[in-house]
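Please study the sequence and the model before reading each solution.

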Amino acid sequence: MSTAASGYNDSGIAIAARPEIPEARADPTAQPERYHWSGLLWQSLAVIGIEHTFRLIDNPEEGCLLADKPFWHDYIASLKKWNMGRWSDGDGFVIAYVGHPLQGAVTGYIEIQNDPRGRALQIGDPGHWRSR
């Protein structure tokens, strides 16, 4: 009977041997890796900055509105009109069905890559869905 070490399976077909993964040697004095809050905050700010830069480049009128209108007054007025009882927020198809899901995926990925415990979990591992 052939083994992976010989490079052939039982049918005589050549297969590549899987490389041996050295076991991690745990340092008993090492501190466990902590959650990367600074990375999470900086990466989130970078994504928000890119989003708003794109919005200002895509629609120059928004830049004028942002600079010339009373921002906080208009912000509070828009909150009063906010209705969570409906599906659509009034955005177009591309923003609602491409942009918003993309924003959620990027935000989720930022969280996962800064979580040392959840980063290595795969589907089927205990705690995978809770980490997401």
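**Exercise 1.** Determine whether W72 is buried or exposed.

*Solution.* W72 has a relative accessible area of 59%. Buried means under 20% relative accessible area, exposed over 50%, and partly exposed in between, with a 1.4 Å probe and protein chains only. W72 is therefore exposed. This residue is found in helix α3; helices are DSSP runs of H or I with at least four residues, numbered from the N terminus.

The model is predicted: local features need pLDDT of at least 70, side-chain atom pairs count only at pLDDT 80 or more, and totals for chains, interfaces and linings use all residues. Residues are numbered from 1 along each chain as its sequence is written, and side-chain values use heavy atoms, with hydrogens and water left out.

**Exercise 2.** State where N114 lies and whether N114 is buried or exposed.

*Solution.* First, locate N114: the residue lies in the loop between α4 (93-113) and α5 (128-131). Next, consider its relative accessible area, which is 3%, so N114 is buried. Finally, list its contacts (heavy atoms within 4.5 Å). Leaving aside neighbours within four places in sequence, N114 touches Y35, H36, G39, L40, Q43 and R119.

**Exercise 3.** Describe how helices α1 and α2 pack.

*Solution.* Helix α1 covers residues 37-58 and helix α2 residues 60-68; they pack at an angle of about 105°, with axes 4 Å apart. Axes are lines fitted to C-alpha atoms over the stretch in contact, and angles run from 0 to 180 degrees between N-to-C directions. Angles of 65 to 115 degrees count as roughly perpendicular, and α1 and α2 are therefore roughly perpendicular to each other. R55, L56, I57 and D58 of α1 make the contact with P60, E62 and G63 of α2.

Notes: Helix = DSSP H or I, 4+ residues; strand = E, 2+ residues; numbered from the N terminus. Parallel < 35°, antiparallel > 145°, perpendicular 65-115°, else oblique.
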